[in-house]
Every structure is written in C-alpha cells, then in structure tokens.
Amino acid sequence: QVQLVESGGGLVQPGGSLRLSCAASGSFFSINAMGWYRQAPGKERESVAIITRGGSTNFADSVKGRFTISRDNAKNTVYLQMNSLKPEDTAVYYCNAKILIPGSSRFEDYWGQGTQVTVSS
C-alpha cells in the first residue's frame with residue numbers, strides 16, 4: 001500500500017510564502033513524475049507544477065516565477081515552495097505521484113489527501 005502524506009498548508013498573507021511537502025511511503029518499486037495540483041472553490045482542478053524523476057519541471061503560467069518544485073528521491077519527497085503568494089492562489093493543494101508498485105506493470109497515479117492554502121490579509 002502506498003500513501004502520500006502532505007504538510008505545510010495554512011493561512012498566509014499576500015506576498016508571503018509557504019512550503020508544501022509530500023512524502024511517499026509504503027511498498028513500491030519506483031516513483032516517476034511527482035507534482036502538485038490545486039482546486040479552488042467552484043473551479044476545476046488544475047496542474048500547478050510537475051517534476052520528473054530526473055528533475056525536469058513544468059509550471060502553470062499563473063505561478064511561473066513565483067513557485068518552485070523540487071524533490072528528494074532518497075526521501076521519496078516532493079516539495080512546492082510558494083513565494084509571492086496571491087489571493088488567487090487560495091485552493092486545496094493535492095500531491096500527485098506516478099508510482100510502480102509490486103505486482104503491477106505500469107505506473108499509476110496516487111494522490112495525497114489535500115492541504116488547504118489560504119492567502120488573505
């Protein structure tokens with residue numbers, strides 16, 4: 001069984017920063033891409049940032065220059081450093097990882113429970 005545990009969400013003022021962490025644990029062979037998604041009230045879930053096993057990254061246009069995604073493969077952990085936060089960044093943020101588990105021949109998507117990020121003065 002694989003579990004993604006997120007931490008770091010909370011309330012922050014506009015212009016502030018937060019750092020989200022997501023650690024994968026359980027029984028698995030390999031983790032491929034990891035990423036962060038978010039969903040604001042009344043809106044569809046959107047991709048925020050992804051990072052491949054080798055470190056290639058992709059960001060949503062709305063967060064480019066403000067957010068940074070990184071990972072520590074030894075710790076099976078992905079991070080999202082969020083700077084210059086804006087009220088429109090308010091959303092539930094979900095960690096995602098593509099993971100190969102024993103008995104499977106394909107990588108499958110796993111999700112964290114979600115963590116609330118609220119940007120407000």
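Okay, so before anything else: when I say two strands pair, I mean DSSP finds at least two bridges between them. And helices (H or I, at least four residues) and strands (E, at least two) are DSSP runs, numbered from the N terminus.

With that settled, here's a case: strand β5 (residues 46–51) is joined to strand β6, residues 57–59, by 3 bridges, and the two run antiparallel. Ala49 stands opposite Phe59 in β6. The β5 and β6 hairpin has 5 residues between the strands, and Gly55 there takes a positive phi near 105°.

Quick housekeeping. This is a predicted model, where local features need pLDDT of at least 70 and side-chain atom pairs count only at pLDDT 80 or more, while totals for chains, interfaces and linings use all residues. Residues are numbered from 1 along each chain as its sequence is written, and side-chain values use heavy atoms, with hydrogens and water left out.

Is Arg38 buried or exposed? Buried: its relative accessible area is 5%. For the cut-offs, buried is under 20% relative accessible area, exposed is over 50%, and partly exposed is in between, using a 1.4 Å probe and protein chains only.

So what does the Arg38 side chain do in there? Its side chain makes a polar contact of 2.8 Å with the side chain of Glu46, and Glu46 is also the residue opposite Arg38 in β5. There's a polar contact with the side chain of Tyr93 as well, at 2.8 Å. By polar contact I mean a pair of N or O atoms within 3.5 Å; within protein, one must be able to donate a hydrogen and the other to accept it, and residues adjacent in sequence count only if both atoms are side-chain atoms. Taking contact as heavy atoms within 4.5 Å, and leaving aside neighbours within four places in sequence, Arg38 touches a list of residues including Val48, Ser62, Phe67, Glu88, Asp89 and Ala91.

Next, the disulfide. The rule is a pair of cysteine sulfur atoms within 2.5 Å, and the count comes to 1. Which cysteines form it? Cys22 and Cys95, with their sulfur atoms 2.1 Å apart. The torsion about the S-S bond is about -85°, so this disulfide is left-handed. Cys22 lies in strand β3 (residues 18–26) and Cys95 in strand β9 (residues 91–100), so the pair ties together parts 73 residues apart in sequence. Cys22 is buried at 0% relative accessible area, and Cys95 counts as buried too, at 0%.

β3 brings us to the sheet. Four strands form an open, antiparallel sheet in the order β1-β3-β8-β7. β1 (2–7) and β7 (67–72) stand at the edges with a single partner each, so one side of each has no neighbour in the sheet. Inside it, β3 and β8 (residues 77–82) pair in the antiparallel sense over 6 bridges, with Ser21 opposite Tyr79 in β8.

Last stop, Gly10, which is found in strand β2, residues 10–12. Gly10 counts as partly exposed, at 23% relative accessibility. Not counting residues up to four places away in sequence, Gly10 touches Leu18, Gln116, Val117 and Thr118. That's my tour, thanks.
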